Amino acid sequence: MGFIDSHMHTIFLHYSALEELAKNDYEAVVTLAYLPVPFSSPESLKDHFNHLVYEKTRLRRVGITALVGIGLHPRCIPKRLEIEKFLGVIEEFITVADVIGEIGLHVMNDLEVNVLRSQLKIAREHDKPAIIHTPRGKNKIKAIKLTLKIIKDVGISPELIVIDHVSTNPEILNILSREKVYIGFTIQVGKASVDDVIYAIKTHPQFSERILLNSDAGNEPSDYLSVAKTFEKLCEVIGRNVAYHCAIYNARIFFRI
Ligand SMILES: [Zn+2]
């Protein structure tokens, strides 16, 4: 048994944090593309992707498999530069990438929509799983609806998609109950709690086959051990089988590991 954190930004984590993950039975983490600033050139995006690929070596030193996600996070999209060149960098790195992500919508303008659509086309063409960010607050429902529409337009299989940072808003749970996408719960203050995951599973038992837990540990306050801690609480409250699915098994199926 080994935990899998389906969404992290390990470039922000100190080596001692990686050692702690290993001590707590982590088998794999998915380390995704993201910087808290827009990229100023395609070359800087390349450097970021090379840094992410290097994370495989750093994680291997502590005995953890790193799956690397490449992509343009909506908050990293440059405003005025030719976007085609940035998409070209993603194509260039596609063979070393395990995942396309973190991608998605944040403010939902035309540029973000076009960049998301283009990246989902790349994921579809190369049969790669994609991890999709959703914004906080009341924009979340709108972003999820628009994202699902783009997924259908592009024609990518929903089984290659994680809609991430899901909340327990009843409308969101209702929408997702009609879809075949995977559901990412980020256990972090301001995103979701263990009680939210329990509520979602109790109200929609079928979600236990599709939930992926993650910490989104990176540059903001987060608990990089939150998947392991959530597993323990889920074992106590709803049982080991469901906990195992959410913290390990579903991720193995989704990421094919
Ligand atoms: Zn993230």
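Mentor: Happy to! Let's start from Lys 191, which touches Arg 136, His 165, Thr 186, Asp 196 and Asp 216, leaving aside residues up to four places away in sequence. Keep in mind that this is a predicted model. Lys 191 sits in the loop between S7 and helix H7 (194-203). Its relative accessibility is 19%, and the cut-off for buried is under 20%, so Lys 191 counts as buried. One of its neighbours, Asp 216, is joined to Lys 191 by a polar contact of 2.7 Å between the side chains.

Another neighbour, Thr 186, leads us into the sheet: its bridge partner in S8 is Asn 214. Strand S7 (residues 182-186) pairs with S8 in the parallel sense, over four bridges. These two belong to an open sheet of eight strands, with parallel pairing and the order S1-S2-S3-S4-S5-S6-S7-S8. At its edges are strand S1 (3-8) and strand S8 (211-214), each of which pairs on one side only. From one strand to the next, the twist averages 25°.

Tyr 182, also in strand S7, takes us to the aromatic rings. Counting rings whose centres lie within 6.5 Å gives six aromatic pairs. Among them is the pair of Tyr 182 and Phe 254, which is tilted, with 4.9 Å centre to centre and 55° between the planes. Phe 254 lies in helix H9 (residues 240-255) and Tyr 182 in strand S7, so the pair ties together parts that are 72 residues apart in sequence. Tyr 182 and Phe 254 are both buried.

What about the helices here? Helix H5 (residues 139-154) lies across S5 and S6 and runs at about 170° to S6. S5, H5 and S6 together make a right-handed β-α-β unit. S4, H4 and S5 make a right-handed β-α-β unit as well.

S1 and S2 run parallel and are joined by four bridges, and Met 8 stands opposite Thr 31 in S2. With helix H1 (residues 15-23) between them in the listing, S1 and S2 make a right-handed β-α-β unit. Strand S2 (residues 26-31) has five of its six residues buried, so it is largely enclosed by the rest of the structure. S2 also pairs with strand S3 (residues 65-70) in the parallel sense over four bridges, where Val 29 has Ala 66 in S3 as its bridge partner. Rings turn up here too: Phe 3, Tyr 26 and Phe 231 form one aromatic cluster.

Key. Residues are numbered from 1 along each chain as its sequence is written. This is a predicted model: local features need pLDDT of at least 70, side-chain atom pairs count only at pLDDT 80 or more; totals for chains, interfaces and linings use all residues. Side-chain values use heavy atoms; hydrogens and water are left out. Two strands pair if DSSP finds at least two bridges between them. Axes are lines fitted to C-alpha atoms, for helices over the stretch in contact, and angles run from 0 to 180 degrees between N-to-C directions. Contact means heavy atoms within 4.5 Å. Buried means under 20% relative accessible area, exposed over 50%, partly exposed in between (1.4 Å probe, protein chains only). A crossover is right-handed if, with the strands pointing away from the viewer, the path from the first strand over the helix to the second runs clockwise. Rings of Phe, Tyr and Trp (its six-membered ring) pair if their centres lie within 6.5 Å; planes under 30 degrees apart count as stacked, over 60 as edge-to-face and the rest as tilted. A polar contact is a pair of N or O atoms within 3.5 Å; within protein, one must be able to donate a hydrogen and the other to accept it, and residues adjacent in sequence count only if both atoms are side-chain atoms.
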